[in-house]
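Q: Please look at the model below, and let us go through the terms used to describe it.
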Amino acid sequence: MEMWRNWGRFLLVSLVVALITLLVVFLAGLAEGLSLSNREFLGKLDGELIVFQEQANLSLPSSQLRNDTKRKISRLSSVGEVGAIGFSSVFVTNDRNEWEEGVSLFGVEPGKPGEPIALEGRQLDSDRAKEAIIGRNVALSTGLMVGDTLVIKSTQAGEEELHSLEIVGISDGQQFFFQPSVFVPLQIWDLIRPTPIVDNGLSSITYNIVNVKMVDSSKEEDLAQLIQQEIQDIEVTDRRTAYEAVPGYQDQQRTFNTQQGFTLLIGILVVGGFFQIQTLQKVGQVGMLKALGTPNLVVSLTTTAQIFVTNSLGVLIGALATVLLASALPSSIPIVFVGRQVMIALVALLFVGPLGGLVSLRYLTKVEPLTALGLSS
Amino acid sequence: MTLVLKADELRKQYTVDGDTITAVDNISFELKAGEFIAIVGPSGSGKTTLLAMIAGLLTPTNGRVILAGDDLSLLNDKQLAALRRQRIGFTFQANNLVPFLTAQQNVELMLRLNGRPLKDGRLRAQELLSSLGLGERLNSLPSQLSAGQKQRVVIARSLIHDPDLVLADEPTASLDTNLAYQVVETFAELIHEQKRAGIMVTHDLRMCRFVDRVIQIVDGQIIQSTDDCNELEALANLEYPDISTELGEEVWTNSN
């Protein structure tokens, strides 16, 4: 009833909570989007384990595995399927060279771990087929479709080479290193990837990492140890550790988390401050109600309900405003609202009000009914 | 008549900076159903402290309060709150009404707190407010009511839940003389009609004409308990000139 009569005052606080929500959810969406741009490919690999060169410090571009590594791994027990993956950064265009876009070019083995599922079109046909599966982001940004020709621009021995490939499939988002991805058969990748002017032996490296799918995924640690013991100069890790090791990933996430933390703290203080002021204004009234015999529980529940409704309304308005704002922003700004970080942020925001209101709630329960008579114990 | 309240050798002492101050000193009296009494005395005489002990808001240093057979000293905070909610009606000097509830809702509040059926209660609240001349102001907020109207809403609220005892702390403090007379007269009528027991704390001796008995307190002690209004005023005028000074000469002129 108090909220109904004084709706303006409560709505004002809800709008402040909405602004805080907008900021927190926007930051969370941006963090999620940027995080996906950095790790989406590694996070979506179908094999549980990833094998890197030992000296590469879990850096995918730096990792260079020997030709026989994959073979050795596939011989071990508990190993299901194994797929070698090569990586380079190239530019792509269409057959009329009308535009240019930087992409992460992955060489994968058709039918093996590492090849993404084509949601549209079909999978890669063979090791030597001049075909490509493009990630959803490439399709969205370039307008390319299944059946179109994709041209890879690659600098090989100092010369720019153009390689035409037929797009046979479109996968879901598979970004890596803030670039959308294109997948080609490993042997084709080996032919078209950029190579240095002076061949220092690196050009003979045929892939960067190996993705391992296990027979029993519950024995992840055991198998990782086994592979590590049996094969020299490699480092085996799970997907999460692999993408957390992507340069800058952790720093970026920490920055966003700190910003969100501070914004939430501001929210707690704002809501807490409002309800504390409101409480101080109502001491006499609460004292009178208690003198009339109103139990502390009723006083606490009423205030908690007010805090909850005010806060939830603010979070709802803020969440809707964020979605509207995000839809108005250009697609180049990577905002994702379905991720874990956004969910955590929304749940945290729902606790902002109750946390902020705790002090005033405690204060209210301590108000003495004697104040109604102008006395104090 | 049924005995509603027994105040038995009530004493309240405070310690301030090492000094013991006696606010209420060995006060005893009884109150029966249908009886309306006034506790009068100058500011700081201990009237409100006495009222707080009777209401179970303050624990006496000595003595006990027995309300309708229940010894308040044996009840815990929760039980005391329930007792106030169910068996006592209150009016206070200030902070009387909930500002965001209408006149009728303020009256119904006591029924809601007691978990009584609101359908019957609504009708009852309307009747009670109408009998107090507020039939047209049922849906008015306190801010839309005059001081006298607010006090009448408070009176209705203090009676709606059929309490055994009605306590009024300076109910005329914010009212002018005519309005004060009207309010207390109405209050007294309802208490007598409904056979409640009522205590009004006031420093305004003019109100003694509406009560059955006056207990006069000075420095925490009863100095007089009388049902003769004139006797009280004469005594007060002679022996406690400070009281008449406080209240002003016109009080005595009007009363005489």
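Q: Which residue does Y14(B) stand opposite in β2(B)?
A: In this predicted model, Y14(B) faces I21(B) across the strands.

Q: What makes β1(B) and β2(B) a pair?
A: Two strands pair if at least two bridges are found between them. Strand β1(B), residues 3-16, and β2(B) have ten bridges and run in the antiparallel sense, so they count as a pair.

Q: Why are β2(B) and β5(B) said to stand at the edges?
A: The open sheet has four strands in the order β2-β1-β4-β5 of chain B, with antiparallel pairing. Each of β2 (19-32) and β5 (70-71) of chain B has a single partner strand, so one side of each is without a neighbour in the sheet.

Q: What lies across β1, β2 and β4 of chain B?
A: Helix α1(B), residues 47-54, does, running at about 120 degrees to β1(B).

Q: How do you know that the span of α11(A) is close to the expected one?
A: The expected span is 1.5 Å times one less than the number of residues. Helix α11(A), residues 340-366, has 27 residues; the expected value is 39 Å, and the helix reaches 39 Å from its first C-alpha to its last. There is also a kink of about 45 degrees in α11(A), centred on L358(A).

Definitions and conventions
Residues numbered from 1 in each chain as written. Chains lettered and ligands numbered in written order. Predicted model: local features only at pLDDT ≥ 70, side-chain atom pairs only at ≥ 80, totals over all residues. Helix = DSSP H or I, 4+ residues; strand = E, 2+ residues; numbered from the N terminus. Contact = placed C-beta atoms within 7 Å. Axes fitted to C-alpha atoms, helices over the stretch in contact; angles between N-to-C directions. Bend = angle between axes of the 7 residues up to and from the residue.
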